Amino acid sequence: MPAYKDKAKGTWYASFYYEDWTGKKVKKMKRGFPTKREALEWERTFLQQQTADLEMTFENFVAVYVADMKGRIKENTWGTKEHILYKKLVPYFGKRKMCDIHSKEVIAWQNEMLGYRDKNGKPYSPVYLKTLHNQLSAVFNHAVRHYNLKVNPAAQAGNMGKPKGREMLFWTKAEYLKFAEAMMDKPLSYYAFEMLYWCGVREGELLALTPGDFDFEKQTVTISKSYQRIKGKDVITDPKTPKSNRVIQMPAFLCEEMRDYIKSLYGVSPPTAFSR
């Protein structure tokens with residue numbers, strides 16, 4: 001793998017051919033490296049990623065994993081995965097070669113995560129610990145299934161944390177009615193909580209509702225989208241799961257309340273009913 005010097009600029013560049021996924025030979029060039037070593041290192045990393053050579057570092061394989069998976073996962077879900085990849089996994093495993101990471105290294109990482117405490121002395125929750133381990137395991141599973149890694153060391157090490165959080169507590173009807181009475185002088189909040197309580201919709205589904213989602217003749221509301229706040233932008237996505245696309249029968253009194261509420265809104269057409 002030679003590197004070449006740009007005599008005019010005094011920098012180095014890498015120039016080589018590689019086979020793309022179709023088997024076609026493609027020329028690759030990158031300029032502007034301060035040293036020959038950096039040019040050669042960039043070429044080596046690029047070729048490793050193209051062939052998924054498991055001599056590559058964990059950090060470089062994560063780049064392969066991201067390229068393979070990012071377009072297949074919902075944007076809001078991917079944001080969580082990306083945070084874990086680059087904040088919790090790459091800092092620890094990043095410079096280790098994929099082929100040199102074994103269960104003992106994973107156990108050492110687990111112990112570090114289990115021993116973490118924030119400035120208030122609070123540890124990671126069991127559910128979050130489970131999420132961290134699952135993401136590490138997903139990276140190695142991808143290497144096993146598609147790039148011939150022999151074994152998943154995260155699976156060998158065993159899991160940590162717990163799959164479920166604390167048991168949810170639900171309001172009784174009496175508790176909800178007491179709350180609703182206190183909210184009656186705040187129409188937007190009142191009708192939002194009415195929809196949440198009586199229809200069982202998620203917060204994101206509620207915030208994505210538009211007048212067109214209501215059928216007041218059939219007394220139904222259609223759930224087909226969800227509101228997310230992603231990287232400072234308002235984004236409307238599909239619901240959390242395919243089964244979340246559904247038509248909900250509304251109580252007659254709620255149907256009348258929502259009809260009157262929507263009529264009271266000025267200039268509402270495409271905008272969401274609860275976005276003010």
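Helix axes here are lines fitted to C-alpha atoms over the stretch in contact, and angles run from 0 to 180 degrees between N-to-C directions. Helices (H or I, at least four residues) and strands (E, at least two) are DSSP runs, numbered from the N terminus. The model is predicted: local features need pLDDT of at least 70, side-chain atom pairs count only at pLDDT 80 or more, and totals for chains, interfaces and linings use all residues. Residues are numbered from 1 along each chain as its sequence is written, and side-chain values use heavy atoms, leaving out hydrogens and water.

The protein has 10 helices and 8 strands. Of its 276 residues, 37% are buried (under 20% relative accessible area, 1.4 Å probe, protein chains only).

Start with H4 (residues 103–114) and H5 (residues 126–147). Their axes come within 11 Å and cross at roughly 155 degrees. H4 and H5 are therefore roughly antiparallel (angles over 145 degrees). H4 supplies Val-106, Trp-109, Gln-110, Met-113 and Leu-114 to the contact, and H5 supplies Leu-129, Leu-132, His-133 and Leu-136 (contact means heavy atoms within 4.5 Å). These residues divide into 7 nonpolar, 2 polar and no charged. Ala, Val, Leu, Ile, Met, Phe, Trp, Tyr, Cys and Pro count as nonpolar, Asp, Glu, Lys and Arg as charged, and the others, Gly among them, as polar.

Now turn to H7 (residues 173–183) and H8 (residues 187–199). They pack at about 165 degrees, with axes 9 Å apart. That makes H7 roughly antiparallel to H8. Among the contact residues are Tyr-176 and Phe-179 of H7 and Phe-193 and Trp-198 of H8. This contact holds 8 nonpolar, 1 polar and 2 charged residues.

Terms used
Parallel < 35°, antiparallel > 145°, perpendicular 65-115°, else oblique. Buried < 20%, exposed > 50% of the residue type's maximum accessible area, 1.4 Å probe, protein only.
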